[in-house]
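Here is a short report on one protein chain.

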Amino acid sequence: MSADDHVLENRRYWDGMADDWVAAGERSWAAAEPSWGIWGLPEAELTLLPADMRGWRAVELGCGTGYVSAWMCRRGARVIGLDNSARQLATAIGLRARHAQSPHFIQANAEQLPLPSGAFDFAFSEYGAAIWCDPYRWLPEAHRVLRPGGLLTFFGNHPLAMLCMPPSGDAAQRMLHRRYEDLYRQDWTQVEIEPGGIEFNLPHGKWLALFRELGFEVLDYLELTAPPDGGTEKFGIPYEWARRWPAEHAWKLRKTDAG
């Protein structure tokens, strides 16, 4: 598989499992308040979305079933949601019709955005471009479409969780299975246990170097563990593992230049 085949492979993967995410999408569209990640962490604690987005133009990069786009619309934003999967977008469009929200959905790869430069105040990704796209391709595009001073927030797998995932695809373990400096592209398509798609992550130093190179200022960084109310394994992360170590992280960035 070539380095560029992840876009097509991930589209195939998500088109094939889109039906499995309809019920979750319905619940999230109907939710009174946003919650985040595999543990449903409350927005009141994480504050990933600006409280007042009236007059803002926002883009969701890898919107899936579109619920974050809907949440941003409720806060007053004009929103475009993009996704690589046509079948995920079909769910998003159906839910939009049922909930009287107004995000505009288009099929696109976040590594090649069909959007004008400097047009958006806010860009967001929760387990979309944040993990399924090459950061050396999607982050320059996010930077391009933001206005100077525009904000980017993205949420996904913590690098430590990826280091602790065994090559078999089994759940995260209390040991490291790969070299930290080699962390970049994780191909789960041929693993023994629950094959998946192709994901991306970076060591913290490489994230920071990329942000500096592009012209992003780090406003905040959250390393997130599971809440103390009990739970089970989710998406290959055992609950007790996630109580001890962060399984997820969130970056909050601001575009600092006019590039």
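The structure holds ten salt bridges. A salt bridge here is a side-chain nitrogen of Lys or Arg within 4 Å of a carboxyl oxygen of Asp or Glu. This is a predicted model: local features need pLDDT of at least 70, side-chain atom pairs count only at pLDDT 80 or more, and totals for chains, interfaces and linings use all residues. Residues are numbered from 1 along each chain as its sequence is written, and side-chain values use heavy atoms, with hydrogens and water left out.

## Salt bridges

| Arg12 | Glu9 | 2.5 Å |

Start with Glu9 and Arg12. Both sit in helix H1 (residues 6-17), three residues apart, which is about one turn of the helix. Helices (H or I, at least four residues) and strands (E, at least two) are DSSP runs, numbered from the N terminus. Is Glu9 buried or exposed? Glu9 counts as buried, because its relative accessibility is 13%. The cut-offs are these: buried is under 20% relative accessible area, exposed is over 50%, and partly exposed lies in between (1.4 Å probe, protein chains only).

Arg87 lies in helix H5 (residues 86-99) and Asp19 in the loop between H1 and helix H2 (22-30), so the pair ties together parts that are 68 residues apart in sequence. Arg87 is partly exposed, because its relative accessible area is 37%.

Arg137 is partly exposed, at 36% relative accessible area. Glu111, at 8%, counts as buried.

Salt bridges can also join up. Arg179, Glu181 and Asp182 are linked in a network of them.

## The whole chain

The chain has ten helices and eleven strands. Its radius of gyration is 17 Å, close to the 18 Å that the globule rule gives for 259 residues, so the chain is as compact as a globular protein of that length. The radius is taken over C-alpha atoms, and the globule rule is 2.2 Å times the number of residues to the power 0.38. Along the principal axes, the C-alpha atoms fill a box of roughly 45 × 40 × 40 Å.

Buried residues make up 53% of the 259 residues. Contact means heavy atoms within 4.5 Å. Among contacts between residues at least 6 apart in sequence, 70% join residues at least 24 apart.

## A covered helix

How many of the eight residues of helix H4 (residues 67-74) are buried? Seven of them are, and the helix is mostly covered. The buried residues are Tyr67, Val68, Ser69, Ala70, Trp71, Met72 and Cys73. Their cover includes H2, strand S1 (35-36), strand S3 (57-61), strand S4 (78-83), S5 and S6. Gly76 follows H4, and its phi is positive, near 105 degrees.

## Two buried residues

Ile237 sits in the loop between strand S10 (216-224) and helix H10 (239-244). Ile237 is buried, with a relative accessible area of 4%. Which residues does Ile237 touch, not counting those up to four places away in sequence? Among them are Ile38, Trp39, Ala161 and Met165. Ile237 and Gln173 are 64 residues apart in sequence and 8.5 Å apart in space, C-alpha to C-alpha.

Leu46 lies in helix H3 (residues 43-46). Leu46 is buried too, at 5%. Leaving aside neighbours within four places in sequence, its contacts include Trp36, Phe155 and Leu222. The C-alpha atoms of Leu46 and Trp36, ten residues apart along the chain, are separated by 8.4 Å.

## Positive phi in loops

Tyr127 is not a glycine, yet it has a positive phi of about 50 degrees. Tyr127 lies in the loop between S6 and helix H6 (129-132). Tyr127 is partly exposed, at 21%.

Phe235 also has a positive phi, near 50 degrees, in a residue other than glycine. Its place is in the loop between S10 and H10. Phe235 counts as exposed, because its relative accessibility is 58%.
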